[in-house]
Each structure stands twice: as C-alpha cells, then as structure tokens.
Amino acid sequence: GSGHRFFFALFFYSHWRTASTTADFGVCVPAVCDEWTVVNDLLPAMYEHFFRSHLDWHPDGTLDTERSMRYSFTLKEYRRSVLITDESRLDVLGGAALIFLPFALGTICSELL
C-alpha cells in the first residue's frame, strides 16, 4: 500500500538436527524500515519461536554457536519497473490510439464495402 515497502525474502538455514533448507516469503513494512531492520530485527522477531527452537546451549547456559542454527536472508525489494504518472498517461494513451486507430478504421471500412 501507499507509504509501505514490500520485500521478498529468501531464507536459508542449516542446523545439525535438520536438513538444510530454504523458504521464501514476502513482508510489507512501513516505508521508514530499511533492509537492515527487516533482516536483523523484524524477520527474527516474526519467527521467534522457530529461531528459539533451533538454538543450542552449553551446560553452563551460554549459547552454543557451533551447534545452533545458522541462517541468512537474501532480500529484494519489490519496485514497479514501469511507472506511468498521471501526466504521462494521456501521452501513452494517445500513442496507443495512433497505433491501433488506423487498423480499427481499416477493418471497419473493409466490412462496410
């Protein structure tokens, strides 16, 4: 919607207890959110239960970084590739009319004869 950004995310993870895998999804965020915030704050928070269940801990309570899940995100922002402003819309429609109008008139005239 207006005032928002839409990102496609490819999520890759590996963990010693599961096969490595990928998942893809989309996320719509306010326009003020940058890519770093989406990858490092928002996505892990959205999937907090998943991340928590794939962490491993040492007996002393510290995080076992060698055995815990490793992950990465590839993020691409969706942007319209062709943007037609209201000012240029009339020019585009006029150009289309110049292309198709002669063909349409020729077809109509040939049916009348």
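A residue is called buried when its relative accessible area is under 20%, exposed when over 50% and partly exposed in between (1.4 Å probe, protein chains only). The model is predicted, so local features require pLDDT of at least 70 and side-chain atom pairs count only at pLDDT 80 or more, whereas totals for chains, interfaces and linings use all residues. Residues are numbered from 1 along each chain as its sequence is written, and side-chain values use heavy atoms, with hydrogens and water left out.

**His15**

Select His15, a residue of strand S1; strands (E, at least two residues) and helices (H or I, at least four) are DSSP runs numbered from the N terminus. His15 counts as buried because its relative accessible area is 6%. Its side chain reaches the backbone oxygen of Arg67 at 3.3 Å, a polar contact (N or O atoms within 3.5 Å; within protein, one able to donate a hydrogen and the other to accept it, and residues adjacent in sequence counting only if both atoms are side-chain atoms). Beyond the neighbours within four places in sequence, contacts of His15 (heavy atoms within 4.5 Å) include His54, Asp56 and Met69.

**Strands S1 and S2**

Next, display residues 4–15 (S1) and 18–30 (S2), which run antiparallel and are joined by eleven bridges; strands pair if DSSP finds at least two bridges between them. A hairpin of two residues connects S1 to S2. Phe7 has Val27 as its bridge partner in S2.

**Salt bridges**

Four salt bridges are found, each a side-chain nitrogen of Lys or Arg within 4 Å of a carboxyl oxygen of Asp or Glu. Select Glu77 and Arg5, whose side chains meet at 2.7 Å, N to O. This pair links strand S3 (residues 70–77) with S1 across 72 residues. Arg5 counts as buried because its relative accessibility is 19%.

Move to Asp56 and Arg17, with closest N and O atoms 3.6 Å apart. Asp56 lies in the loop between helix H2 (48–53) and S3, and Arg17 in the loop between S1 and S2. Asp56 is buried at 11%, while Arg17 is partly exposed at 45%.

**Arg67 and the rings**

Select Arg67, which forms a salt bridge with Asp64 (3.9 Å, N to O). Arg67 also lies over the face of Trp16, 3.9 Å from the ring centre; the criterion is NZ of Lys or CZ of Arg within 6 Å of the ring centre and within 35 degrees of the ring normal.

Finally, colour the rings: the whole structure holds four aromatic pairs. Phe6 and Phe8 are edge-to-face, at 5.0 Å centre to centre and 85° between the planes. Rings of Phe, Tyr and Trp (its six-membered ring) pair if their centres lie within 6.5 Å, with planes under 30 degrees apart stacked, over 60 edge-to-face and the rest tilted. Ring pairs link Phe6, Phe8 and Tyr78 into a cluster.
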